[in-house]
Amino acid sequence: MAVGEMLPNLRILRLNGSVINSLRDIGNSFRKLEILYVSKCGLKNLAGLSSFPNLRELYAAYNAIDDLSDITYHETLQLLDLEGNEIKDLNNLMNLNGIANLI
């Protein structure tokens with residue numbers, strides 16, 4: 001049984017400082033997750049973000065993220081912290097109409 005299946009109502013997940021190659025490694029069972037902390041995890045992109053349909057806040061500072069294409073059209077995202085990353089193209093942020101806070 002996946003961890004997300006054991007904690008189906010989890011709303012906040014803190015994984016700062018963990019070794020995570022991809023958000024896909026977290027799994028797709030955290031359907032009600034609203035806040036995710038993945039700062040300093042070594043992430044290179046945000047592939048797998050669609051596995052969290054209710055995500056409102058993403059704290060992904062100080063990774064190696066250079067591509068934001070996976071956040072395009074993520075409708076529930078309201079806060080995005082990408083400080084200290086290697087982002088090359090900010091055009092994908094243009095489709096995030098709901099983001100009130102971009103850090």
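Me: Are Y37 and Y59 buried or exposed?
Reply: This is a predicted model, and the assignment rests on the relative accessible area, for which the cut-off for a buried residue is under 20%. By that criterion, Y37 and Y59 are both buried.

Me: How many aromatic pairs does the structure hold, and how are the rings of Y37 and Y59 arranged?
Reply: The structure holds one aromatic pair. The rings of Y37 and Y59 have their centres 4.5 Å apart and their planes at 5°, and since planes under 30 degrees apart count as stacked, the arrangement of this pair is described as stacked.

Me: How many residues apart in sequence are the parts that the pair of Y37 and Y59 ties together?
Reply: Y37 belongs to strand β2, which covers residues 35-37, whereas Y59 belongs to strand β3. The pair therefore ties together parts whose separation in sequence is 22 residues.

Me: Which residue has its charged end over the ring of Y37?
Reply: The charged end in question is 4.3 Å from the centre of the Y37 ring, which is inside the 6 Å limit applied to such an arrangement. The residue that places its charged end over Y37 is R14.

Me: Where does L13 lie, and what is its relative accessible area?
Reply: L13 lies in strand β1, made up of residues 12-14. Leaving out residues up to four places away in sequence, L13 touches I26, F30, L33, I35, L36 and Y37. L13 is buried, because its relative accessible area, to be compared with a cut-off of 20%, is 14%.

Me: Which residues of the largest nonpolar core touch the most other members?
Reply: The largest nonpolar core has 22 residues. L36, with residues up to four places away in sequence not counted, touches L13, L23, I26, F52, L55, E57, L58 and Y59. The residues of the core that touch the most other members are L23, I26, L36, V38, F52, L55 and L58.

Methods: Residues numbered from 1 in each chain as written. Predicted model: local features only at pLDDT ≥ 70, side-chain atom pairs only at ≥ 80, totals over all residues. Heavy atoms only, no water. Helix = DSSP H or I, 4+ residues; strand = E, 2+ residues; numbered from the N terminus. Buried < 20%, exposed > 50% of the residue type's maximum accessible area, 1.4 Å probe, protein only. Contact = heavy atoms within 4.5 Å. Core = buried A, V, L, I, M, F, W, Y, C linked by side-chain atoms within 4.5 Å. Phe/Tyr/Trp six-rings, centres within 6.5 Å; stacked < 30°, edge-to-face > 60°. Lys NZ or Arg CZ within 6 Å of the ring centre and 35° of its normal.
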